[in-house]
There are 2 protein chains.
Amino acid sequence: MSAKQRLNAVRQHLTKEELYAKAVDPVTSMNEERAKATFNIRELTHLLDGGEKSTLLKERFMQEFERDPLFKMDDIHDITKDELRERTMEKFRSLIHHLSNESVDIFKKRMEIVSLIDPGFWTRFGVHYGLFVGALQSNATSGQLGYWFQNGALSLSGMVGCFAMTELGHGSNVPGLETTAIFDEASDQFIIHTPTLTATKWWIGGAAHSATHAAVFAQLIVKGKNYGTKCFVVPLRDPKTYNLLPGVNIGDIGKKMGRDGIDNGWIQFTHVRIPRSYMLMKHTKVSRTGLVKEPKLQQLTYGALLQGRVAMVVDSGNVSKKALTIAIRYAAVRRQFSNSNSNIETKLLDYPIHQRRLMPLMAQTFAMLFTGSEMTAMYNKMMSRLENAKPEDTDLEEVLEMLKETHSTSAGLKAFCTWNCLNTIEACRQACGGHGYSAYTGLAGMYQDFAVQCTWEGDNTILTLQLGRYLISSFREAVKGKKLSPGVGYLNKLDSLIGACCSEKDADAILNPQTIVKGWQVVCANVVKNAALEFEQCIKQGLSIDDAYEQCSQSRLYAAKLHSYGYLFNRFLDGVSKVEGNLKVVLMDVCLLYGLYTIEENAGAFLQYGYFSPTQMDLIRLRTNEFCRAVRDQAIPLVDAFNLSDYVINSPLGRADGDVYVHYFEQVKRSNPQNPHPYFNRLIKPLIEREMNDDIVDEEGGLEEEEDEDDEME
Amino acid sequence: MSAKQRLNAVRQHLTKEELYAKAVDPVTSMNEERAKATFNIRELTHLLDGGEKSTLLKERFMQEFERDPLFKMDDIHDITKDELRERTMEKFRSLIHHLSNESVDIFKKRMEIVSLIDPGFWTRFGVHYGLFVGALQSNATSGQLGYWFQNGALSLSGMVGCFAMTELGHGSNVPGLETTAIFDEASDQFIIHTPTLTATKWWIGGAAHSATHAAVFAQLIVKGKNYGTKCFVVPLRDPKTYNLLPGVNIGDIGKKMGRDGIDNGWIQFTHVRIPRSYMLMKHTKVSRTGLVKEPKLQQLTYGALLQGRVAMVVDSGNVSKKALTIAIRYAAVRRQFSNSNSNIETKLLDYPIHQRRLMPLMAQTFAMLFTGSEMTAMYNKMMSRLENAKPEDTDLEEVLEMLKETHSTSAGLKAFCTWNCLNTIEACRQACGGHGYSAYTGLAGMYQDFAVQCTWEGDNTILTLQLGRYLISSFREAVKGKKLSPGVGYLNKLDSLIGACCSEKDADAILNPQTIVKGWQVVCANVVKNAALEFEQCIKQGLSIDDAYEQCSQSRLYAAKLHSYGYLFNRFLDGVSKVEGNLKVVLMDVCLLYGLYTIEENAGAFLQYGYFSPTQMDLIRLRTNEFCRAVRDQAIPLVDAFNLSDYVINSPLGRADGDVYVHYFEQVKRSNPQNPHPYFNRLIKPLIEREMNDDIVDEEGGLEEEEDEDDEME
């Protein structure tokens, strides 16, 4: 019997009254909510997707994957890690086919859907195509790139790649990696070696079972001199047998918090020899005689590293969409407690406190979505200039400035958006009450899969400090009169910002978006200024620049946080300003909710610098409640506009039709078929049928105790 | 080869230089830290454990479990859910033995250790002894209790119990449960029935495979009249065969976020008949002829429900201990980046930002530990009065007041302490960088196991609202001149608190604990007052009391939060004031750090009500940094004082000896033995050896295309 047939059987077997308490059918509740839409849902979907064509494409992909038995996802919580890994490998074939036949842009959209359906597989595929091929593209000369592509790097023919950067003892500190690549002039080879336990390559996705080759980051040592970390292609396995090559020792990293579909491994190299030409020499070159030529502009090599960060801002918005679809749809049909005047229980979504739990997070999701699009455009623009840049260009300064801005902005956004998304998933999970703890309702697994995003591609805390450092140095340049990049342009207006307050007499001036824009500029200017002063104080006390930056790291983090929140609000507002009609009305409510909520959350800063008075802050709290209520009315239409199919959502609580209990019950039964009792005879029967006096320790053992004769003992 | 022998083999095989980069042995780093202790570690352990005897007992239990092969825990991440469940059942036998031979107090300590080693088993054992037996004790007459105990409820002989309260459609709303218990006078029986899908008992721990009997909560219906939710003992399975009894339908709930050792299930009853005497009649009684006698004081029945909440405050402190031991020990030996003057990389613990990540959480853990002891004493005192209380007692009013205070205080503390603990685990996990994502480092599993604590025994958000409601009503009574219970006594001093500010000229007045105590009173008084005014405004607008409370729920949550944080600080300070000597010096630093940090986190409130000025708030930020640094110096001695053995910690990163990399590598290798490639021949070989042109879709198919003749078509 198919799942659908079984569902119908349940439905036929029971009348509506038998299905649900007090005759409130959740499907009816959902339909009520859907009917409240004041805007064209399809129009919003197109806006979020970047146009109708893109929406249609995504819908095509969702349908394709749903029909593909390899992409079956509703049993994913009940298979073992080993089964999951094997199934994940099985999916490669179909994607390679599409990779060969689709344009890059279209394939990227396909992968965006994959990342929502199966983040573990997305990572496993991405290790080869994103990281390994990406390392070739960023580090190989055009001749080398041709060589590896001809040898199958692009078609996955005869080789599968992995990316061996992090080590057991080194994650964030890439220049501090310990693996060595010593040039042996006699043989014209490099010797790749793992000198210590902590130098073991660690977390290497694909190493355990998939990869034949690795892009290995190691210290380039030529004639005894260390030139720093460079990238080398090192063969790991014989592609005919998958036996390890001599000197290569690999193990499985095993069980992780999530994404178990990817086979992370560790690698130790023991004096492994590779031809000199396997060092990727786009930037630094080593000649036959051991002459080392270093690039003039090291910075130009960093651009590609930012792509991952930008993608994670986009991903944070997308994953939040999925989490909120589940929690908000469930809240629209779940009823609990009745108020004094009614027999019918109240929808969770009608409780002001539940609106407070979810509506601000939805607003935040829109902010991340608009910001993600903006960041992608910013990155593409920067990269197209960077790729053509040459050291002798006259506008090089400007290009480097763009790079710096993109680098810092994306660092902060990657950190705060992945944190926001992780917190959103957990808040959504808790908002589903006990059912959020079931694996089948999907949010637990989403948390476990997403959590790694706060660490990889740059530990979030370290990234916030990068942005904080950029803000301090921008401030100091602004003081010296330099015109800054747009993102930090407000630091050129310090005189008008420091000390400014929202002096509007009209109570509802706080609902003017420009008041909020200015508010963020004022608090950011103040907080960046304070961080810069603290930094300068440290310098005066004789600390080195690096130590001074460490010393004021908490202020850097704080400045980065407020800057990023202000940035998100601005991008959201930009996005809304391009929209018209009913859609604009709704989105403006959501945008204002985001503004009010983030101000409330950061009330300390807004009060500290006097931009808002305590009375205004009270009003902001009240208005936040009101906007939560207003957005609540459009909550179901808004999540409908996210346009993720039931298959992609993969949670009975997030069903579009609202029929959550029937689907949840069916899922639980399907996943847990009735079997004979697994251990009654072995464990339970002997336990509950045992002789009771077994339990009592007999203290006597036949010994006749004599009475203590205390007197004599003394 | 034993694990120890293997470790030695690794160590012997490599020189120290080969083990670690730049010759910084983590063991040396750990010893350095341990040598910094300025206080007697053992003395602090005794203080936290409640005396030396208790410490020795815990140590005995830790050793016993470590040596018991049933309690082997280092392979727990690599076994399946079914294996885990079976092993969990296996553990019952040994604990029952101890239960029969140990005093209640001693057995409770044993269970405290169990909860840290294996929370899934702790739950499974607790379902019978805590929930099922607890339901008997709270709801059965003494005759009934004797009957069930004689029938094996205490000795687990011939019966295992479970606790069937929640339903698919009802969690928090216990009065709204749908299961019915209809009295059939003719047969002198109750008919237990599940009328709808949503009435299915859900999440019932032990139902899937363990229980023979359930304590079922159902609507008591006699002669057509509904008397509300009562408790009935319903047999589920034949204890000889474990076959389900007629009319009982049970299924497995399956995979959860964590605690998979416990076999949660769902239960549907179809007109199941039980004798009248199986209704537990301590409070409400139903006679042979269907006369229903209800208790005079319903409130007296609630006391027992609070035990779980109080236990969870204690558990939050204990689990935080474990998480922090891992993250802080790792931070003491993990090195990353070197500063400008040194070749040796810096310990994570030496970075101000890392101190900021962990030290406030350690301070918070101490606050929770001291508060947990205090709450336990408060609960025990209240219960001993409550159990002896009779409706005609003259001091009944006072007892009920104690009950209300304990009820509300424990509600808020359960919520904020479990949230704090969950956030602490995740912060610790992230502070371990990439290695925090490995299952073997323990923090991921801790998160998954602990997360349910925010939902069960009262959804956290709902609990905060209970406290908020109590605060508002206390405020209103205070205004009318009533003398309040100690916990809310500050509301009797409104005149001196509203509008008060910290006017001390001395900059370091903020380091006087009494300044902080007063500060919390001032902000709490203000916030509670605002919530009460908002409530009264709603009443004036014509809302019912319940609706008015709903309307101001965000203010209730906010008031509950600040009140609970202030309460935690006060309990911490009480605890420290009883200590002397060097230990007091250290603990006072930790206590002040907690005070400063929580003020900083809630800066909005302190600035809003003008207790601190913006200048003072700047100072508080700086002082928080300084206290993080001060506490950092004692961080390893402090976590050593938590006194959890390596076995209990069960994380190579949290090893007492600091030798984290060796143990982590060994754990990963032990858990993932080298096996033949699982799917090379089936999946990888055909993939990488396929013919490349398979991938390209041939668009032609032999068709000879004619040229479009546009002109003719028009």
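This is a predicted model: local features need pLDDT of at least 70, side-chain atom pairs count only at pLDDT 80 or more; totals for chains, interfaces and linings use all residues.
Residues are numbered from 1 along each chain as its sequence is written, chains are lettered from A in the order in which they are written, and side-chain values use heavy atoms, with hydrogens and water left out.

Start with the interface: 143 residues of chain A are in contact with 140 residues of chain B, contact being heavy atoms within 4.5 Å. Together the two chains bury about 11,700 Å², with 56% of that on carbon and sulfur atoms; buried area here is the accessible area (1.4 Å probe) lost by two parts on being put together, summed over both. On chain A's side, the residues that lose the most area to chain B are A:Leu197, A:Tyr437 and A:Gln608, together 7% of what that side buries.

Now for the charges. There are 7 salt bridges between chain A and chain B, each a side-chain nitrogen of Lys or Arg within 4 Å of a carboxyl oxygen of Asp or Glu. One of them pairs B:Arg357 with A:Asp459, whose closest N and O atoms are 3.8 Å apart. As for secondary structure, helix 26 (residues 680–688) of chain A gives the most to the side that touches chain B, with 7 residues; helices are DSSP runs (H or I, at least four residues), numbered from the N terminus.

Methods:
Helices (H or I, at least four residues) and strands (E, at least two) are DSSP runs, numbered from the N terminus.
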